[in-house]
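Subject: Structure handover

Hello,

Here is the structure I promised you. Please open it next to this message. My notes follow below.

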Amino acid sequence: MAPSRASTSTSKKKRTSLHWSEKETDRFYLGMRMLGSNFSLMAGLFKRRDRTALKNKYDRERKINPAKLDDAMFFDPLDFDRSKFPEETDSESEEPSSAEEPKESSKKVSAKGRKTAKSKQEETRMKKIQHSAVDPKDQMQRMAISDVLISGVGGLGVEIAKNLILGGVKSVTLHDNSLCKLSDLSSHFYVSEADLGKKRAKVSLKRLAELNQSIPVQTFTGKLNEKSLKKYRVVILTNSSLEEQLRVSSIVRSLGNALIVSNTQGLFAQVFCDFGEDFTIIDSTGENPVSVMIAGVTKEEASVVTCLDETRHGLEDGDYVTFSEVQGMVELNGCGPRMIKVLGPYTFSIGDTSSLSDYVRGGVVTHMKMPKKIHFKPLADALEEPEFIMTDVGKFDRPPQLHLAFRTLDAYIKKEGRLPAPWSRKDSQQFVDLAKELNSSLSGPSKVEEVDEKLLATFSHVCQGDLNPLNATLGGIVAQEAMKASSGKFSPIVQWLYFDATECLPANQDSLTEENCKPSGSRYDGQVAVFGNDFQKKLGSLRYFVVGAGAIGCELLKNFAMIGVGAGEGGQVYVTDMDLIGKSNLNSQFVFRSHDVLKPKSSSAAAAVKVMNPQVNIKAFENRAGPESEQFFDDDFFAKLDGVAIAFDNVDARIYMDRRCVYYHKPLLQSGTLGTKGSVQVVIPDVTESFSSSQDPPENSIPICTLKNFPNAIEHTLQWARDMFEGLFRQSDESARQYLVDDKFMERTLKLTGSQPLEILEAVHRGLVEERPMNFEQCVHWARLHWQEQYHNQIKQLLFNFPPEQLTSGKPFWSEPKRCPHPLEFDINNSVHLDYVVAAANLKAKVYKIPQSRDLQAITKMLESCIVPEFFPRSGVRIAVSDAEAAAAANNPGMLQTELPSVDSLSGLRILPLDFEKDDDTNFQMDFIIASSNLRAENYDIAPAADRHESKLIAGKTIPAIATTTSVVSGLVCIELMKLVQGHTNPESFKNGFINLALPFFGFSEPIAAPKQTYYDKEWTLWDRFEVTGEMTLREFIEYFESEHKLKITMLSQGVCMLYSFFMPLSKRNERMDLAMSEVVKRVSNKKLEPHVKALVFELRCKNLADENVAVPYVRYVLPTK
């Protein structure tokens, strides 16, 4: 979000004050809207109440009308005219060698259907636009042929290089003539004490090259001139002088390439981007194109399109769309991009359709992403006429001040030959005076009305610092900008971004003196320069629990090691993760290497960060974070912790850990990512709400009958295939396995309600009788017959019940959103048909521990002997057309029970239910799902079919973590950690963060205070509880609350067990009244108390003396010491 955006306009209007235009305001709300519409998929990573707080804070400061949040009122975030469109070279003079760049290929995209009547020139233009809009793979191809040079490989440079190498550019060149110094240990995670005195670029090269063996990484130590820079699509300067920046900017600009300038100075950071005179954005947001079924199109000059069943279209004024599957008005099918005007959330206009055929029914409208051109100013001009991306609306006036501060720093270094000394009041006064002098010499937008002396003095005090969290945050942002410059994907920073974390400083800064912050020969000197020695000791003594060692977890552990968390006396970092390292983890979880595959994530990550900082004390566990691991993570474990950092995406586990932190009164740092989006939330004991206090709405689920009989999108067929896998190879087989090993399986099954007993017993009967194979050939026959049942027989039966011409209430039954299917005929020469049989047969064989086979010739021969019965549709077969009808079907399982073989007759049979694992390409699972889904799509004429990558994402319900976002998020987490260590308790000092690097959007809000409740005159929050120590009977417990708290207990529960209630039968209640509370729990739960359990948690429903229901805290009931 920028206080001034670039455009194609040539206007040179200067700003005299910092205000947001309507266009800039719209950009902010675009970010807010995307948080709301897309982050709900993150199942709680982005909290609705935090978004509301952020919006409210903005509204208070800028007096913006909240009505702008209506879907139909969002504008385009960029103002433009839519009609336009490891080698090593240490030579001082030679360029680094590089492979020959492959030529870009372009594919001509032909339009489907009849073309609209336009001039040849307009048709040509539309074809070019359409090509750009529908060829997203070209974006990755562009990036894969882009060479990037990074000048300066300190803590910031190595973060950028790491993210770019993991991101997949063509090559990365490291330009650095410096030797490794002790100060590098503060934030350079690839420099060790053994490397001191060595060339920093060479040390970095070796370790960076290991990250991605397909990306050449090389060094260059010559001069940056036109000859050496011409091959680099992107040049990145880190912590360089302004003179050098201007010199290189002139060269890069003349070559038509992109320049990024980035600096971190203690708690302050700066980014500048110049991507050239005319830079084309292929895809401004990275969101999947909107595709919606339509119910009608009017035939008139201002034609109105209405979406089906009140479905919001999600489009904006000026968007372009195309159509498919329209009946009647067929001229719209495959038409060139049509600009729309939004009329409402369910309707929009597409212009003149009066000359087209009459609309009959059906159709799908699809948003077409269009290229955008923006203009960048060269650095020399941008210095004087700065345009800013806002990173924090609460610091609205900061960017101009920091713009001045960085320019003043360059002037100070020129004048004094050094940086200002840490926390030197003398130097800071000189710095402020110099800033005032410089500001008075400026004119136009770069001049501030009044110099913020306190802010600039703080800048001077800390600018010698080198902080890993700031480098991690900026390293992710800059690497993403470099990939934007290479690919044209996502909206770039135009043109300045400033960020600061001054809230990390203590409220009382008297202890921050030159003496306390001067270098002492420690690896943490870069941090001591900002916070002092005492703070560093606090970090070293921390005991923190990191839950998850995936993408974010690896980054967090690296950051913890760099800043010294748990590296001092009494300090300790604990990490747990139950997963093993997979090949797919290597492109985002940077501490792992190929030789780590199939090793535990937690112990491998711990070993890797121990190399980065040998002083860190770290212990790894391989346990799941949940009730089953409470014998490891018990009261004693949590008692010694200073806090918890969550770094995984399982929502249930997040909620569990959140509740544990509330129970033990521990700070919680939670974070998550979704592609280019990321979030950070800080939970402060006794101050803020917890992670569980608010939840985003659940994902929209696909109705069962849509999946079973009426799919209309590839997502439906993939979910159907995923469910098919679970049903065939896990759930049914798990039921059969339990029948074999569990004596009480039948008793427990028959007690289930509804149709569950029948469904389970049918599955057991299929697994043990009907479909039990004895050899691999029988597995092949089963797979062939199953293919016939799913893709031929069931479709024929469906069409028998509901013929294509059937009418319902006078309208065609097969009308949108229902697609009329057609049965498939098995063809052994069709690769998809054969893929299905091969995958299904091998999965069936694995379940029954039968040797598998990949011999296609042998499998083909086995298929020849398979007899496939001819199918005839039957009358009387009922097919549910709604979920309500499906739920009403239930039968008596009694007859089926008698047909099951006895367990004794099946001795020796072992069944292995399969767990879904999408990342193992050798286990046939994704082969089965892809083939199943694409066959189903062929049944219903759903196009296009999904490739393997798309199928993995949808079937696995995942969006891959990307290195840039995890880097930013992990840096923000550690910034909040530093505030906790400082002892801040004021919510205004903390920031819950929401980012989308694609836009780019940065939103920060204060954590929401814990909601307060009262009973009588006592105020309480979720952090409060009743403490009861020592054993007492249920009767004594109830009397205690009546006498001590004037509360009458009406209901008492522990977990899911109801221990006492006013409506409980009197005999049962009396039976429990004189039992000890622990004994009541054991009897009701039918479980013994584990030895590690030292206290029980009771939930109460109470009435006050006025016989009114009141909400009260929970009870922590401490058991007697054994």
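Which residue in β15 is the bridge partner of S324? The partner is V364. Before going further, note that this is a predicted model.

Strand β15

β15 covers residues 364-368. Four of its five residues are buried, so the strand is mostly covered. β15 pairs with β11 (residues 320-324) through five bridges. That pair runs antiparallel. Strand β9 (residues 291-297) is also antiparallel to β15, with three bridges between them. There, V292 stands opposite V365.

Second largest cavity

The volume here is about 90 Å³. Its lining includes D392, K395, D500, E976 and F1004. By class, the lining has seven charged residues, five nonpolar and no polar. Helix α32 (963-982) gives the most, with four residues. β18 (496-500) also supplies at least two.

Two of the lining residues, K395 and D500, form a salt bridge with each other. Their closest N and O atoms are 2.7 Å apart. Both residues are buried. K395 sits in the loop between β17 (388-389) and α10 (398-416), and D500 in strand β18, so the pair ties together parts that are 105 residues apart in sequence.

Other salt bridges

The structure holds 45 salt bridges. Here are some to look at.

- R737 with E734: the closest N and O atoms are 2.7 Å apart. Both lie in helix α22 (residues 714-741), three residues apart, about one turn of the helix. An α-helix has 3.6 residues a turn, so residues three or four places apart point the same way. R737 is partly exposed at 28% relative accessibility. E734 is buried, at 17%.
- E771 with K844: the closest N and O atoms are 3.9 Å apart. E771 lies in the loop between α24 (756-770) and α25 (776-801), and K844 in helix α26 (residues 831-847), so this pair ties together parts that are 73 residues apart in sequence. E771 is partly exposed, with a relative accessible area of 25%. K844 is buried, at 4%.
- E159, K162, E555 and K558: these are linked in a network of salt bridges.

Helix α30

α30 runs over residues 925-939 and has 15 residues. From first C-alpha to last, the helix reaches 21 Å, close to the 21 Å expected. Of its 15 residues, 13 are buried. D941 follows α30, with a positive phi near 55°.

Best wishes

Methods. Residues numbered from 1 in each chain as written. Predicted model: local features only at pLDDT ≥ 70, side-chain atom pairs only at ≥ 80, totals over all residues. Heavy atoms only, no water. 1 Å grid on protein atoms, 1.4 Å probe; cavity = no way out; pocket = protein on both sides within 12 Å on 5 of 7 lines; lining within 4 Å. Points joined across faces, edges and corners; volume = space filled by probe spheres on them. Nonpolar A, V, L, I, M, F, W, Y, C, P; charged D, E, K, R; others polar. Expected span 1.5 Å × (residues − 1). Buried < 20%, exposed > 50% of the residue type's maximum accessible area, 1.4 Å probe, protein only. Pairing = 2+ DSSP bridges. Salt bridge = Lys/Arg side-chain N within 4 Å of Asp/Glu carboxyl O.
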